[in-house]
Amino acid sequence: MPVQFLTPEQRSNYGQYLGEPSFDELTRYFYLDDADHAVIGVKRGVHNRLGFALQLTTVRFLGTFLEDPVAVPSAVLQTLIRQLGVGNLDRLHDYRTGDQRWKHTAEIRERYGFRDWTDPIIGFRLSRWLYALCWTGTEQSGVLFDRATTWMLAHKVILPGATSLERFVARLRSRVESRLWKLLVRDVTDQQKNRLEDLLKVSPEGRSSWLDKLRTGPVRVSGPALVRTIRRLQTVRDLGIELPKTGIPSSRLAALARFAGTARVTAISRLPGVRRLATLVAFIHCLEATAQDDVIEVLDMLLHEFFNDAVKADKKARLRGIKDLDRSATLLASALKIVLDLKIEDSALRRRLFAKTPHKVLTEAVARVEALVRPPDDVYFSELAARYRSIRTFLPTLLQHIRFDANPAGKAVVAGFEWLKMQEKKRAKLSPEVPRDIVTRPWERHVFREDGSIDPQAYMFCVLDGLRKALRRRDVFVSPSWRYGDPRVGLLTGAEWETTRPIICRSLGLSPESTPALAALSAELDRTYRAVSERLASNPAVRFETVGGKKEMVLSPLDKLEETESLSALRKAVSSRLPEVDLPEILLEISARTGFTDAFTHLTERTAKAQDLATSLCAVLLAEACNTGPEPLIRRDVQALRRERLAWVDQNYLRDDTIILANAILVAAQNQVGLAHALGGGEVASADGMRFVVPVRTVHAGPNPKYFGFGRGVTWYNLMSDQCSGLNGITVPGTLRDSLVLLAVVLEQQTELQPTKIMTDTGAYSDVVFGLFRLLGYRFSPRLADIGGTRFWRIDPAADYGKLNVIARHRLSLRKIEKNWDDLLRLAGSLKLGRVPATGIMRTLQVGDRPTQLAQAVAELGRIEKTLHTLNYIDDESRRRAILLQLNRTEGRHALARDIFHGKRGELRQRYREGQEDQLGALGLVVNIIVLWNTIYMDAALAQLKREGYPVLDEDVARLSPFVHEHINLLGRYSFAVPDIVTRGELRPLRNPDDEDA
């Protein structure tokens, strides 16, 4: 029997009025046109005319006829009374019980074309549409139910009973899932089937299954760890799983793979045969990309450790020899003074020189200097060569199993890598066809010997040096891969781009042709220069100073904005009215107010019901956000808080996609509160990173002594609106440059707010970032800490900008933009549509040495935008203060998050990327819940103050902070009650190890 998935509330609301319709709904569904009046006008009696109108408009709005046709909201009744001009409603109750209502129902069906869903044509069209929707997506049954209802309303189909539609959706989902499972296992051979089933068996070496071993990624960065990671990848490849040629939606595969990646092996073993096999097939298919990403992750970190350690070793060696270098340099300097003394005859020069310093001593000094000095572009080959044996622990395995591909900038690296692979196979005399393009000038003196041959060891290090740089630029990539694939895959091309170009240009407000777009940019830059120049004399914050022989601009820092007495008093008045509350209560209250817990759905895509599920979800979110784990929250006497319930919820409900959906609900709720709009309109957002130390062994953390000391850590880079709600967050290892992830965190946010002005701190900007944000319709507004070093660019070399002429020294080349305008539009369109990964594109474009023409065009466009921003920044104090205010709000959000994340010394103890993302996603969600709760109650406190006659100033309200939390108990409560058995001097009963709760 098909499962039932509707909640009692959904079932009772189906086909019913839910409160008063809005003004727009009344206008759209309850307006009677001339044809309606003509039909209604011939009805006898006021009650019949009004009853017919009620049934007609109700079926238009709800898609069904009510059991009681006159049980409608008062706004609906009054709207129709005004249109029909009737006043006497005494007989309206007769319409409810009379036969005329049924005749009207039949007439409305026939005259207005409303059809039954049992019509074969309707049933076929609805099934086909819903089947396609279900096949290509992973929407839950409740969402599909709502989609089906919307479709029937749009196609004038009378809604069936809730149970009938519920069963229809459940049967259709079951058909889709059965087809998916059968399609996945269709080409699996008996041998592959046996090998997949063996994954669920416990390995002879231990208690874990082969599947558990495959699911366990690397946690160390070392040569042996890389070899084990490559062998894990090869194990996946050896299974030989290939998907059918028929397209299977990636979202479907990802959902099945996620279940297999997190569920217990026993749970997978209990699945029906076809579903179990399909789940394993999807898991292995997705695991190949994941395992290959793990290989590249470890390789990338390992190579950087090797090369960084070589630099450190060289520095230590030089420090040890610094005294010898000083002595030798001093000796040679004194000898050179004799050579430079023009009073000494050339014939007597050697005699005088060697008389002061013997020939042998000078020769030894020269040798010591040559041994200790390093060229400016040194590659530290001698230190690398000392680590050759360490490289050999993983290089043969790497060469054998990993294949790289590249864009044009990385072809030389791949050619060198393939040559190493060939030599590893041959183990013979070196081939003369050595790819030489990979050998850069610093490496030439080490790779090429005097006789023209190559040093194979030096060539190997040269290739690995090029590989590590190319991987980070994404010039070299692997396939399949989630994070290290070709960033160009997905770019709009060919006929698809020709079709999409007009839509992209309209949506971004860009011209398809470069000439008008560049003319508008040039005019805007010229106007801004002249306007700022005119106001420069009256701008006390700007002055010019001579630095290094050049005139530089100096911008005075902002004076502290003192807190007014009225603001201090208002803050005190509001905070004193906020209720004192425990954090769990806040989560449960906001869940009841917004229903954000409804966004958390079961991982297996089948409806799973549990009593008090919202309580369990709030407990799991709290355990993750506070970093305490579930122990403080477990209650054996409360079913929703038992250990096994919390573990089940954590494993099946808490994941990236459900956190994103829940967060969107919270952001929408925040946008409905009046105080939120006083803080900001949602058009502005700021981005910044929060650092977490990761004390466990993992490859998904990076070093940075400034933030993590001698350990490693991650950065949680998050986006916050000017309404103080968090919109999105990305977890990155170490302290990756902000500019690499900024675009991704903005483009990938999925809330109803669409900020267009993005504010960041100084470290997040570059010319490329400015250019891409301008293309995509955003105004990038970073805080500028040091104006003096900023370059000001101009287009017209002859334009006179007064005092600004001394700093507007750099000339822009519009030719680069003009030549690549179509490619710029194509890139912007592909990013806007989510066709290409923003982080990968940023890595490709932000290349200091050999940038592509497209990268140069983006940077050139960015220089225009950066100059516009800088000019407006120095000209407008309110702009500078607004940026500072928003960044301070971000710091306030981070301070609140830090206080919430108090457990385990505030350290993130997740080994794998998914666990880090889920835990920090839960933290962001709980922060937003607290902010929403504070905003609601602060708004209520302000309303009460106004009713009491308190003078509430708008400018003071705008400076209130919803991050206050002194009234919130974040740490839990402790019990000092002792069981009676202890007070009698007896011992507590020992735990039963067979009890699951124990």
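At 32% relative accessibility, Glu545 counts as partly exposed, a class that lies between buried, under 20% relative accessible area, and exposed, over 50%, as judged with a 1.4 Å probe and protein chains only. Its partner Arg543, at 39% relative accessibility, is likewise partly exposed, and the two form a salt bridge whose closest N and O atoms are 2.9 Å apart; the term stands for a side-chain nitrogen of Lys or Arg within 4 Å of a carboxyl oxygen of Asp or Glu.

The model is a predicted one, in which local features need pLDDT of at least 70 and side-chain atom pairs count only at pLDDT 80 or more, while totals for chains, interfaces and linings use all residues. Residues are numbered from 1 along each chain as its sequence is written, and side-chain values rest on heavy atoms, with hydrogens and water left out.

Seen as a whole, the chain has 998 residues, of which 50% count as buried, and its C-alpha atoms fill a box of roughly 135 × 80 × 80 Å along the principal axes. It holds 44 helices and 16 strands, which are DSSP runs numbered from the N terminus (helices are H or I with at least four residues, strands are E with at least two). Among contacts with a separation of 6 or more, 76% join residues 24 or more positions apart, where contact means heavy atoms within 4.5 Å.

Side chains of opposite charge can pair when their charged atoms come close. The salt bridges of this model number 52. One of them joins Asp918 and Arg258, with 3.0 Å from N to O; because Asp918 lies in helix H42 (residues 913–947) and Arg258 in helix H14 (residues 250–262), the pair ties together parts that are 660 residues apart in sequence. Asp918 is buried, with a relative accessible area of 11%, whereas Arg258 is partly exposed at 23%. Another bridge links Asp198 with Lys201, the closest N and O atoms again being 3.0 Å apart, and Asp198 is partly exposed at 33%. Elsewhere, Glu524, Arg774, Arg779 and Glu865 are linked in a network of salt bridges.

Thr890, in helix H41 (residues 877–900), counts as buried because its relative accessibility is 1%, and beyond residues up to four places away in sequence it touches Ser686, Asp688 and Met720. The C-alpha atoms of Pro442 and Cys462, 20 residues apart along the chain, are separated by 9.5 Å.

The surface can be read through its patches, which are made of residues with over 30% relative accessible area and no salt bridge, like charges being joined within 9 Å and nonpolar side chains (Val, Leu, Ile, Met, Phe, Trp, Tyr) within 5 Å. Leu336, Val339 and Leu340 form a nonpolar patch with about 280 Å² of accessible area together, areas being taken from the Shrake-Rupley method with a 1.4 Å probe and, for residues, only the protein chains shown as cover. Leu340 lies in helix H17 (residues 322–340) and counts as exposed, at 59% relative accessibility. A positive patch is formed by Arg115, Arg125, Arg128 and Lys156, Lys and Arg counting as positive and Asp and Glu as negative, with His and the chain ends not counted, and the place of a charge being NZ of Lys, CZ of Arg, CG of Asp or CD of Glu. Arg128, found in helix H8 (residues 120–136), is exposed at 55% relative accessibility.
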